[in-house]
Amino acid sequence: MPSLRDAAVDLLLGGSCLGCGEPGRLVCRPCHDALPTLATPHWPSPPPPGLVTPYAVAAYDGLPRALVLGHKEHRLLALTPVLGRLLACSVAAAVAEMGGPGPVLLVPVPSRPATVRARGHDPMLATAKAAGAVLGRRADVVPLLRSRPGVVDQAGLDAGHRRANLSGSMAVRARPLRALARRGRRVQVVVCDDVLTTGSTALEAQRALGAVGIDVLAVAVVAATARRVGGVPVHGDYSGFGVPPSPRTH
Ligand SMILES: [Zn+2]
């Protein structure tokens with residue numbers, strides 16, 4: 001249930017652009033058009049051993065950071081499609097570089113159930129669905145992963161403690177796994193998250209999927225805190241996904 005406080009925050013923040021403060025929409029047209037569309041590999045430093053290549057379209061600062069926090073912490077649900085388009089750029093670049101033709105499965109990193117209850121929505125699932133809608137029929141979103149209890153909030157933990165905190169913290173849901181198996185088609189699995197920090201969360205998602213025999217093609221995130229390492233920017237133009245090339249069109 002959205003609280004009165006959330007509604008008040010919506011009203012307060014809803015009257016101006018998160019990027020430039022211009023009164024009006026949450027993201028004004030110039031700020032929206034200035035959002036990045038080129039996704040690149042972003043490796044955390046140090047890179048978690050065994051992690052598949054993570055792709056990010058934005059650095060975690062400025063407007064992208066405000067979008068993620070506004071969506072996650074303040075339930076600014078009008079931001080879902082904006083974040084979905086950013087994530088779609090990362091997914092499209094990851095598949096273009098690492099994958100091939102054929103269906104793509106977006107698997108969002110699970111939020112902790114207590115977090116979903118407290119916030120009244122699952123921001124990562126919503127963002128993944130919005131990305132899937134942008135990418136079209138070739139992409140599907142399946143929340144295959146769930147959190148196991150006992151994980152503490154990651155904020156303030158360093159890479160080693162994050163990995164220890166997260167190890168074994170995710171599991172694959174039986175029912176969607178069975179549904180996936182019944183389809184009988186090979187899919188290219190892309191793990192999706194909003195922010196890549198140390199890579200521990202993405203690695204745990206990859207481990208949990210690998211434990212049931214699902215290979216992960218790549219990780220796609222909206223924004224990464226690490227600086228870009230290697231790789232030529234790949235235009236996440238969704239080519240091959242059968243949708244219009246410009247993420248700026250509505
Ligand atoms: Zn603006």
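Q: Where is Arg75 found, and why is Arg75 called buried?
A: Arg75 is found in the loop between helix H3 (62-74) and helix H4 (80-98); helices (H or I, at least four residues) and strands (E, at least two) are DSSP runs, numbered from the N terminus. A residue is buried if 20 or more other C-beta atoms, placed from the backbone, lie within 10 Å of its own, exposed if 12 or fewer, and partly exposed in between. Arg75 has 20 other C-beta atoms within 10 Å and is therefore buried. This is a predicted model, in which local features need pLDDT of at least 70, side-chain atom pairs count only at pLDDT 80 or more, and totals for chains, interfaces and linings use all residues. Residues are numbered from 1 along each chain as its sequence is written.

Q: What is the phi of Arg75?
A: Phi of Arg75 is near 55°, a positive value in a residue other than glycine.

Q: Why does the span of helix H9 (residues 200-211) agree with expectation?
A: The expected span of a helix is 1.5 Å times one less than its number of residues. For the twelve residues of H9 this gives 16 Å, and the end C-alpha atoms are 16 Å apart, so the two agree.

Q: What makes H9 mostly covered?
A: Nine of the twelve residues of H9 are buried, among them Leu203, Glu204 and Leu209.

Q: Why is helix H8 (residues 174-183) said to lie largely in the open?
A: Of the ten residues of H8, one is buried, so H8 lies largely in the open. H8 is followed by Gly184, with a positive phi near 70°.
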